[in-house]
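Hi everyone, thanks for coming along. I'd like to walk you through one model this morning, so please have a look at it while I talk.

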Amino acid sequence: MAWFRNLTQVSSSSLKKQHHHHMHPFSLLSPLASSLSHSHYTTEAPPTQYAGLGPTRPEEKPRVVVLGSGWAGCRFMKGIDTNIYDVVCVSPRNHMVFTPLLASTCVGTLEFRSVAEPIGRIQPAISREPGSYFFLSNCTAIDVDNHMVHCQTVTDGVDTLDQWKFKISYDKLVIALGAQPSTFGIHGVEEHATFLREVYHAQEIRRKLLLNLMLSDMPGISEEDKRRLLHCVVVGGGPTGVEFSGELSDFILKDVHQRYSHVKDYIRVTLIEANDILSSFDDRLRQYATKQLTKSGVQLVRGIVKDVKAQKLILNDGTEVPYGLLVWSTGVGPSSLVNSLKIPKSPGGRIGVDEWLRVPSVQDVFSIGDCSGFLESTGKPTLPALAQVAERQGKYLANLINNIGKAGGGHANSSNGMELGQPFVYRHLGSMATIGRYKALVDLRQNKESKGLALAGFTSWFIWRSAYLSRVISWRNRFYVAINWLTTMVFGRDISRI
């Protein structure tokens with residue numbers, strides 16, 4: 001492939017001469033012509049550069065650039081009026097993950113495709129409109145003075161094209177970068193633990209879990225190694241950690257005991273939490289969850305992780321916990337890009353926004369989802385990093401930017417002093433979590449101090465499944481999820497290690 005890379009490379013000087021807004025940023029026509037006019041069949045080639053998307057002209061549609069493809073970014077793209085705006089999405093994944101059901105894919109209750117919705121289905125204009133694009137790339141920097149984002153392509157493996165950089169000019173920028181898992185600076189977490197935020201995380205957990213089950217059945221393996229391989233440790237007692245523990249205990253009771261009978265007495269699950277599990281839920285529900293998880297065989301340990309090694313973790317009191325699978329779910333924090341932005345931050349290091357979700361210190365920049373938070377000057381508390389918060393913000397901001405475009409303020413620096421209407425107000429609809437064995441928790445209070453409906457048990461499990469089935473993004477995925485649930489109920493979970 002070296003000859004192909006040489007053909008597609010182009011010098012910086014040749015690119016500065018070419019600039020046309022409607023040229024696709026990855027068009028190889030001009031780079032190819034440039035490369036043929038120079039002798040590029042040498043061992044050393046100049047740095048790869050590609051043109052990006054230049055500023056829009058007054059007679060063209062204004063361009064909205066969305067950074068991220070999570071709950072906030074995708075709900076925004078779904079609601080944006082593509083008759084008014086061109087939409088460009090920059091993200092390292094080309095799909096949205098329905099995160100509430102991600103834990104179910106780790107043990108085969110659901111298939112991975114059931115929780116992934118392609119961006120092109122959420123916003124079809126990205127696939128068919130001439131000025132709208134999806135770029136499989138990471139944003140590396142934001143130049144707010146020149147209304148421009150710097151991007152770098154995402155590649156996979158050593159045989160693919162080298163990464164290259166490009167720039168995109170925006171009229172309106174929506175930062176929906178989400179957050180990254182919090183490790184609290186604990187040594188060894190990044191190297192040895194698996195997070196549970198993306199589909200590939202769930203795939204990794206599933207492969208590792210099934211590998212450990214099969215390895216532990218090999219002749220000659222010691223009792224100590226067998227117990228370690230089959231010890232699944234979950235760190236973090238929030239909804240994700242509890243739901244994964246519940247799914248894992250279900251998998252052990254219903255499937256491992258039948259299909260891995262030689263090692264069924266060795267496999268166990270430990271959930272480590274520094275405080276109380278499900279701290280945002282009603283006290284009665286937390287006690288119920290503790291009782292049910294313990295009945296399912298999940299060992300609850302209160303402690304703080306001090307160090308993580310390849311085959312064991314060490315708690316603050318010196319206790320060593322050997323593990324075969326370690327899943328880390330202790331909350332989220334700002335990403336490195338968010339930390340690097342030289343703009344005012346909200347408490348916790350998030351991008352600071354005002355009541356209309358604008359970044360008030362710069363022009364035409366908005367931020368939604370887990371990466372954003374209200375500035376202290378607004379007097380509003382920082383909202384929790386929840387899917388329902390991100391989704392509500394995405395819907396609100398799409399309507400706001402649509403109204404700005406209809407009023408003639410779509411282009412860069414043209415919406416100064418414009419009336420924005422009602423500010424964003426968030427009302428918490430409640431929380432839900434499954435704990436396995438056809439049981440779940442439903443807490444419909446607006447906050448911990450409020451009064452409201454709090455349910456637990458089979459009825460809550462039915463409500464949980466019904467609610468999430470109705471919230472799955474497309475009818476295609478609803479069909480997938482319903483069929484997966486039915487298949488699992490009748491035939492058990494799929495234990496193929498693919």
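I'll go through the sheets and then the helix packing.

A quick word on the ground rules. This is a predicted model, in which local features need pLDDT of at least 70 and side-chain atom pairs count only at pLDDT 80 or more, while totals for chains, interfaces and linings use all residues. Residues are numbered from 1 along each chain as its sequence is written, and side-chain values use heavy atoms, with hydrogens and water left out.

As for the labels, helices (H or I, at least four residues) and strands (E, at least two) are DSSP runs, numbered from the N terminus. Two strands pair if DSSP finds at least two bridges between them.

Let's begin with the open sheet of 4 strands, in the order E12-E11-E10-E16, where the pairing is parallel. Which strands stand at the edges? They are E12 (298-302) and E16 (325-328); each has a single partner strand, so one side of each is left without a neighbour in the sheet. On average, neighbouring strands here are turned by 20 degrees against each other, direction ignored. For angles in general, axes are lines fitted to C-alpha atoms, for helices over the stretch in contact, and angles run from 0 to 180 degrees between N-to-C directions. If you look at E10 (residues 231-235), you'll find 4 bridges in the parallel sense to E16, with Val234 opposite Val327 of E16.

H11 touches E10, E11 (268-273), E12 and E16, and its direction makes about 170 degrees with that of E11. H12 (residues 283-295) touches E11 and E12, and its direction makes about 130 degrees with that of E12.

Let me stay with H11 for a moment. This helix covers residues 239-259, 21 residues, and reaches 29 Å from its first C-alpha to its last, close to the 30 Å expected; the expected span is 1.5 Å times one less than the number of residues. Where is the kink in H11 centred? On Ile252, with a value of about 40 degrees; the bend at a residue is the angle between axes fitted to the seven residues ending there and the seven starting there.

H11 also has H9 (residues 199-215) as a partner: their axes come within 14 Å and cross at roughly 35 degrees. Ile205, Leu209, Leu210 and Leu213 in H9 meet Phe244, Leu248, Phe251 and Val256 in H11. That contact divides into 8 nonpolar, no polar and no charged residues. The classes are simple: Ala, Val, Leu, Ile, Met, Phe, Trp, Tyr, Cys and Pro count as nonpolar, Asp, Glu, Lys and Arg as charged, and the others, Gly among them, as polar.

Now a second open sheet, this one of 3 strands in the order E13-E14-E15, with antiparallel pairing. E13 (305-308) and E15 (320-322) are the edge strands, each pairing on one side only. E13 is joined to E14 (residues 312-315) by 3 bridges, and Asp307 has Ile314 of E14 as its bridge partner.

Over to E5 (residues 133-143), which pairs in the parallel sense with E2 (residues 86-91) over 4 bridges; there, Val88 stands opposite Tyr133 in E5. E5 is also joined to E6 (residues 148-153), antiparallel, by 6 bridges, and Cys139 stands opposite Cys151 in E6. E5 and E6 form a hairpin with 4 residues between them, and His147 in the turn has a positive phi of about 55 degrees.

H4 (residues 71-79) and H14 (residues 387-406) pack at an angle of about 35 degrees, with their axes 7 Å apart. Their contact includes Trp71 and Phe76 of H4 and Leu397 and Ile401 of H14. By class, the contact has 8 nonpolar, 3 polar and 3 charged residues.

The other pair is H15 (residues 458-471) and H16 (residues 475-491), whose axes come within 8 Å and cross at roughly 145 degrees. Among the residues in contact are Trp464 and Arg465 of H15 and Arg478 and Trp485 of H16. The classes in this contact are 6 nonpolar, 1 polar and 2 charged.

That's my tour, and I'm happy to go back to any part of it.

Terms used:
Contact = heavy atoms within 4.5 Å.
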